[in-house]
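Let's take a friendly walk through this chain, from its sheets to its helix and on to its core. Please keep the sequence and the structure open as you read.

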Amino acid sequence: RPLQIWAQFRQNPKYRETYHLEFSDSGVHFTTPTIDSRLAWTHYNRVIESERVFILIYGKMMYTVIPKRAFASEAEIEAFRDLIRLHIS
């Protein structure tokens, strides 16, 4: 299974783009060289948090991965936790 996930990741060109994300009370704003998308928090129905990432789930095998290394500080991670607690049940 990990090899299958790795292969899918390597073959999908969207994962080679740099993502810029903004989080606010209105939702998540994604921008890349080819994408400009805004998603309301209601798009997501579940969150999984690990030591390294947040996984925002919106369907079976459909999710958004937010690496914790993308945050500048523990305070920013905690602010993000507050947002997802408020908006994703």
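Two strands pair if DSSP finds at least two bridges between them. Strands (E, at least two residues) and helices (H or I, at least four) are DSSP runs, numbered from the N terminus. Before going further, please note that this is a predicted model: local features need pLDDT of at least 70, side-chain atom pairs count only at pLDDT 80 or more, and totals for chains, interfaces and linings use all residues. Residues are numbered from 1 along each chain as its sequence is written, and side-chain values use heavy atoms, with hydrogens and water left out.

We can begin with the sheet in the order β1-β2-β3, an open one of 3 strands with antiparallel pairing. At its edges stand β1 (20-24) and β3 (36-39), each with a single partner strand, so one side of each has no neighbour in the sheet. From one strand to the next, the twist averages 15°; for angles like this, axes are lines fitted to C-alpha atoms, for helices over the stretch in contact, and the angles run from 0 to 180 degrees between N-to-C directions. The antiparallel strands β2 and β3 are joined by 4 bridges, and threonine 31 stands opposite aspartate 36 in β3.

Now move along to the other sheet. Here, too, there are 3 strands in an open arrangement, with the order β4-β5-β6 and antiparallel pairing. β4 and β6 are the edge strands, each pairing on one side only, and the twist averages 20° from one strand to the next. Strand β4 (residues 46-49) runs antiparallel to β5, with 4 bridges joining them. These two strands form a hairpin with 3 residues between them, and glutamate 49 has phenylalanine 54 in β5 as its bridge partner.

β5 pairs with strand β6 (residues 62-67) over 6 bridges in the antiparallel sense. Between β5 and β6 there are 2 residues, and methionine 61 in the turn has a positive phi of about 60°.

What lies across β4, β5 and β6? That is α2, running at about 20° to β5. The helix has 14 residues and reaches 20 Å from its first C-alpha to its last, close to the 20 Å expected at 1.5 Å a residue; the expected span is 1.5 Å times one less than the number of residues. Its buried residues are Ile77, Phe80, Arg81, Leu83 and Ile84. Seen down the axis of α2, they fall within an arc of 160°, so they line one face of the helix; the arc is that of the directions from the helix axis to the C-beta atoms. Buried means under 20% relative accessible area, exposed over 50%, and partly exposed in between (1.4 Å probe, protein chains only). The face turned away from the buried side of α2 carries the exposed residues Ala75, Arg85 and Leu86. What covers the buried residues of α2 includes β1, β4, β5 and β6.

That brings us to the core. A nonpolar core is a set of buried Ala, Val, Leu, Ile, Met, Phe, Trp, Tyr and Cys residues joined through side-chain atoms within 4.5 Å. The largest one has 14 residues, and those with the most contacts inside it are Trp41, Tyr44, Phe54, Leu56, Phe80 and Ile84. Two or more residues each come from β2 (27-31), β5 (53-59) and α2 (74-87), and the largest share, 4 residues, comes from α2. Contact means heavy atoms within 4.5 Å. Not counting residues up to four places away in sequence, tryptophan 41 touches, among others, Phe23, Val28, Leu56, Phe80, Leu83 and Ile84.

Two more residues are worth a stop. Phenylalanine 23 sits in strand β1 and counts as partly exposed, at 25% relative accessibility. Phenylalanine 23 and phenylalanine 80 are 57 residues apart in sequence and 7.7 Å apart in space, C-alpha to C-alpha. Lysine 68 lies in the loop between β6 and α2. Is lysine 68 buried or exposed? At 14% relative accessibility, lysine 68 counts as buried. Beyond residues up to four places away in sequence, lysine 68 touches residues including Glu49, Glu51, Phe54, Ile77 and Arg81.
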